[in-house]
Amino acid sequence: MSPQQIGLPWPELNDGLTYKDVVSSSDSELTTVSDFYYTKYKSSAPLLGWIQRIQNGQIQVDEEVVKDPNTLLRSGSKLVYHRLPWKEPDTPHLLDILYQDHDLIALNKPSGLQVLPGGLFQQRTVLTQLQWCFGESHPVPVHRLGRGTSGILLCAKTKLAKTKLSAYFAEGTSLVGSGNMGQECGTVRKISKIYRALASGIIEEDEIVIKQHIGVARYPGVAKGLYVASSEGKPSLSKVIVLERDRQRDCTLVKVEIQSGRPHQIRIHLAFIGHPLVGDPLYVAGGKPKGVDPDLVDDTTPFAQDGGYRRPNQAVPGDCGYHLHAHEVEIPNLLDTHKVVKVVAPLPPILQTSYLAEEEEKGLSSCKSS
C-alpha cells in the first residue's frame with residue numbers, strides 16, 4: 001500500500017449488527033414481541049422471519065433472552081435485536097488518494113465498493129475503511145456514489161468542511177428545484193461535477209440537456225422504493241456532451257455534468273432518452289427498471305436463512321456492470337473561496353476517448369486478417 005493509497009483487507013465475516021429499541025406507551029397495549037418487530041421493521045423480514053429470529057434467541061427484552069414470540073411487552077421495556085454475522089459479497093478494499101488538505105480528502109472509489117452501510121454491505125464500505133485507517137477522527141463522505149460508479153468521492157476532515165461541502169451539494173439541487181433549470185450546469189452551483197459514461201446506441205445530437213423529473217416507485221428488494229423517471233418526481237438536470245460515437249459497437253462515449261444530485265440520476269436520465277448505460281442491469285429505455293410492474297410487487301417473498309427477505313431475482317440499484325465514472329470535480333477552496341480546487345480521477349480505459357477508436361481499429365484489423 002503506497003502513501004497515496006488506503007485500505008485494509010476485509011475479514012471473512014462482518015461483526016453482525018445490534019438494534020436497540022424502547023417500547024413506547026402506544027406500542028405496549030397488548031403488543032407481542034413478534035408483532036412489535038414485524039410492525040416496526042416490516043422491510044427487514046416477514047412475520048415468520050421475525051418469529052424465527054426470536055426463537056433463535058436473537059432478541060432480548062430488558063436484558064433477558066426471549067424465545068416466545070407471543071411474549072407481551074410493557075411500556076419502557078428495552079429491546080435488543082442481534083443480527084448474526086454474515087459474509088458480505090466480494091468487494092474491493094483499496095482506495096487511491098487523489099487530493100487532500102487540512103479540510104478535505106478526495107478518494108478514487110473503485111466500482112463495486114459501497115460508500116455507506118446499507119443492505120448486505122454493513123462493513124465492506126468506504127466509511128469502514130476511513131474508520132480503520134484514520135481512527136476516531138476519521139474523514140466522512142459528504143455525498144454518495146452508486147456502488148457500481150467509480151471515481152471521485154469527497155470526504156470532509158473537519159466539521160466545518162462537512163457543513164460547507166454538504167451545503168454546496170444541496171445548493172445545486174435546491175436551485176434546480178426552485179425552477180432555475182434553464183441555467184447552464186456549473187454556472188450556479190459552487191461544486192462542478194463531470195462524469196464520463198458509456199451509453200448504449202448512437203446519440204446523434206452533440207449536446208443534450210435532460211430535465212426529466214425523478215421519483216420513487218415500489219420495487220422488490222428495495223424497501224424505500226426505486227428511483228425512476230417520473231413526472232411526479234423532483235426536478236433534475238443533466239447536461240450530456242457527446243465525445244465519441246462507435247457505430248460498429250452501437251455505443252456513445254459521453255461527458256455528463258449534473259446540476260442536481262438525485263440518486264442514480266445519470267443512469268436514469270440517459271435511459272430516459274433511450275440510451276441506458278452499456279451493461280446497466282437495472283434501467284432500460286424510458287428510465288424505468290427492466291420488466292417489473294410496481295403494482296404487482298409481492299410482499300410475501302420467501303425469507304432467507306437469517307429470517308430476512310431473500311435477494312430478489314431482479315436487478316437492484318447496487319448491482320454493477322455499467323460504465324460510469326466521476327471524472328472531475330471543482331470546488332471553492334474552503335479557506336480561500338477565491339481559489340478553486342480541481343480534482344481529476346484517472347479514467348478507466350473503456351471511458352477514454354482513444355479506447356473506442358483503438359478497439360475499432362483492432363476489430364477492422366482482425367476482420368482483414370481473417
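Modeller: Tyr41 is partly exposed, at 23% relative accessible area, while Tyr37 is buried at 0%. Here buried means under 20%, exposed over 50% and partly exposed in between, using a 1.4 Å probe and protein chains only. Bear in mind that this is a predicted model, where local features need pLDDT of at least 70 and side-chain atom pairs count only at pLDDT 80 or more, though totals for chains, interfaces and linings use all residues. Residues are numbered from 1 along each chain as its sequence is written, and side-chain values use heavy atoms, leaving out hydrogens and water.

Both tyrosines belong to a cluster: ring pairs link Tyr19, Phe36, Tyr37, Tyr41, Trp50 and Tyr81. Rings of Phe, Tyr and Trp (its six-membered ring) pair if their centres lie within 6.5 Å; planes under 30 degrees apart are stacked, over 60 edge-to-face, and the rest tilted.

Arg53 lies over the face of Trp50, 4.5 Å from the ring centre, and the charged end of Arg83 sits over the ring of Trp86 at 3.8 Å from its centre. That call needs NZ of Lys or CZ of Arg within 6 Å of the ring centre and within 35 degrees of the ring normal.

A search of the whole structure turns up 8 aromatic pairs. One of them is Trp10 with Trp132, tilted, at 5.6 Å centre to centre and 55 degrees between the planes. Trp10 is buried at 13% relative accessibility, whereas Trp132 is partly exposed at 35%. Tyr37 and Tyr41, by contrast, are stacked, with 6.1 Å between centres and 25 degrees between planes.
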